[in-house]
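Dear colleague,

Please keep it open beside the text while you read.

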Amino acid sequence: IRRRIELIQDFEMPTVSTKIKVSRDGQYIMAVGTYKPRIRCFDTYQLSQKFERCLDSEVVTFEILSDDYSKIVFLQCGRFVEFHSQHGHYYKTRIPKFGRDFSYHYPSCDLYFVGASSEVYRLNLEQGRFLNSLQTDASESNVCDINPVHFLFAMGTAEGKVECWDPRTRNRVGLLDCALSSVTADTEIDGLPSVSALKFDGALNMAVGTSTGQVLLYDLRSSNPLIVKDHHYGLPIKSVQFQHQLDLIISADSRIIKMWNKDTGKIFTSMEPEHDINDVCLYPNSGMLMTANEAPKMNIYYIPVLGPAPKWCSFLDNLTEELEENPESTVYDDYKFVTRQDLENLGLAHLIGSSLLRAYMHGFFMDIRLYHKAKMMANPFAYEEYRREKIRQKIEETRAQRVQLKKLPKVNKELALKLIEEEGEEQQVTRRRKQKNLPSLLKDDRFKVMFENPDFQVDEQSEEFRLLNPLVSKISEKRKRKLKMLEELEAQEQEEEEEPEGKASDAESSESSDDEKGWVEEVRKQRKLLRQEEKVKRQERFKEDQQTLLKPQFFEIKEGEEFRSFKDSAKKQKLMKKTLGDRLKLEEKLGTLNVSDTTVGSKQATFKLKKSEQQKKQHEAEKQHRQERKTLRRSASHLKSKRGRGRLFH
């Protein structure tokens with residue numbers, strides 16, 4: 001961005017620019033693009049945009065009929081032909097078929113339209129009506145052009161031919177088969193080459209671009225091309241321009257712009273813009289080049305060798321002269337940098353000061369061919385050294401494949417060793433099947449802490465590990481068996497020995513059922529061991545509780561504090577200081593917590609909530625109240641029974 005020079009302010013389109021042209025007086029640059037379809041006119045004297053007009057549909061191509069921007073014709077994709085004057089939109093009409101290109105015949109004021117039809121439509125601008133069309137042999141036509149000297153009309157067809165017509169007699173005067181001429185011994189094409197670009201130069205020369213990436217230069221007096229230039233990209237030629245000062249042809253496809261000599265075909269230079277090219281416009285009588293791209297920004301290139309800068313940006317010449325005065329460091333591609341010590345080892349120290357060595361920094365540049373010859377003469381046993389080095393590298397590779405216990409991590413060594421063994425087995429399988437190797441867990445940054453932080457150490461004595469370990473071991477054994485089976489199957493396929501159907505599946509099912517039985521038995525065995533260990537621990541704790549003697553302890557109350565109870569203050573503080581595991585153990589001793597195993601690797605904890613003093617008092621009062629009511633009911637029923645007996649006696 002710092003080195004870029006913005007010649008014209010806001011020289012861009014909203015999304016894409018499709019065509020760009022310069023008026024004959026050189027003052028106005030006009031470009032069409034999207035989105036929305038529009039035309040922008042830039043004034044070179046003011047170095048800014050003059051006006052912008054939006055259109056109803058996208059523009060296929062346009063032509064500036066006047067010396068300035070006062071008369072413009074647009075060929076739009078909806079078969080519309082739109083005329084603009086200096087103030088704006090002037091008139092709009094339609095042609096019978098979709099158009100692809102048109103040319104203006106100045107002597108008769110006729111517009112020639114070519115497109116998806118075998119006819120060439122003529123619209124006379126003086127009379128304001130359509131004339132009789134030209135009937136051609138082509139099914140479709142892509143491009144057309146009119147010679148500026150003798151006004152010969154030429155059109156390029158989809159069949160790869162160029163038809164030349166005389167506008168005065170409205171008869172065809174010539175036919176060139178460019179598709180056949182573009183195919184040479186060095187070219188490779190896919191399909192029939194159609195004509196995609198056409199341009200006249202003077203009275204006799206004509207350049208034709210094909211859809212397969214070839215440019216043919218013709219002399220109108222001959223049916224054979226003078227030269228055939230291939231872009232080697234296989235893309236359609238978008239534009240062909242002539243540069244007269246250096247006798248160059250500037251041809252462009254969507255990827256590259258090539259400048260080459262029209263006599264010899266030698267490449268002068270080439271440019272590859274960042275975005276695809278839609279059109280190229282050469283500013284007349286200068287070295288400036290403008291491109292319409294598949295991007296908002298329209299590029300402007302200035303090449304001083306092609307010609308001077310336009311008069312509205314003459315300061316470019318001064319800038320290029322200043323750049324030439326600042327020499328840049330030369331990059332030596334075919335040279336070898338050597339120090340003085342290297343020259344002494346090669347026996348070339350006597351060449352210092354000669355033209356064969358060029359001093360640079362702390363050493364010299366010498367020709368790479370001379371360096372290789374001198375090295376071969378100084379060390380004739382270089383091949384033996386190379387062979388020994390290769391053998392040593394192979395030995396190091398085989399050593400690296402071994403399991404190196406010294407390089408195992410400090411944490412989870414057994415897990416790392418297991419992963420290394422599994423990776424070795426998987427690599428062997430992937431090599432046989434020619435698959436990509438999966439990334440290693442040991443080298444993955446996401447699992448790096450697992451082998452560095454001691455907190456992630458796997459406790460093999462824990463209950464979860466002992467219950468899960470049989471399952472993991474069985475899975476690993478099953479995986480090894482599966483690998484072995486795959487190896488056997490591959491060997492059998494190589495020997496072309498087929499087994500009867502259903503045998504392998506039955507064996508596999510029986511093996512899987514045996515694995516499941518063995519795993520269940522192993523889990524049961526581990527559960528029994530865990531229960532026995534837990535029972536032994538409980539007995540030991542019970543003995544410790546019986547042996548401990550409780551002694552009275554006295555505590556001093558601080559001044560200004562009121563003694564409530566040890567349960568509310570001291571016990572709560574001690575419990576808060578203890579860990580969760582210690583608190584759970586204490587709850588288990590008190591009987592308020594019950595921990596039991598449910599499934600593999602999971603536990604179930606049942607809690608009994610403690611009651612506060614107030615709740616206990618309330619519970620006791622309710623209990624006493626219920627007891628009193630029971631006694632009252634009993635006494636009342638006793639009195640009723642006595643009264644009944646007395647009546648019976650009376």
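Let me start with Arg538, which is partly exposed, with a relative accessible area of 47%; here buried means under 20% relative accessible area, exposed over 50%, and partly exposed in between, with a 1.4 Å probe and protein chains only. Before going further, please note that this is a predicted model, in which local features need pLDDT of at least 70 and side-chain atom pairs count only at pLDDT 80 or more, while totals for chains, interfaces and linings use all residues. Residues are numbered from 1 along each chain as its sequence is written, and side-chain values use heavy atoms, with hydrogens and water left out.

The side chain of Arg538 meets that of Glu534 in a salt bridge (3.1 Å, N to O), a term that stands for a side-chain nitrogen of Lys or Arg within 4 Å of a carboxyl oxygen of Asp or Glu. Glu534 is also partly exposed, at 34% relative accessibility. Because the two residues are four apart in helix H8 (residues 503-547), about one helical turn separates Arg538 from Glu534; helices (H or I, at least four residues) and strands (E, at least two) are DSSP runs, numbered from the N terminus.

The structure holds 14 salt bridges, and another of them joins Lys92 to Asp56, at 2.9 Å from N to O. Lys92 lies in strand S8 (residues 89-94) and Asp56 in the loop between strand S4 (48-54) and strand S5 (59-64), so this pair ties together parts that are 36 residues apart in sequence. Lys92 is partly exposed at 25% relative accessibility, whereas Asp56 is exposed, with a relative accessible area of 66%. Elsewhere, a network of salt bridges links Arg38, Arg40 and Glu52.

Leaving aside neighbours within four places in sequence, Ile20 is in contact (heavy atoms within 4.5 Å) with residues including Phe11, Ile29, Phe62, Cys281 and Met290.
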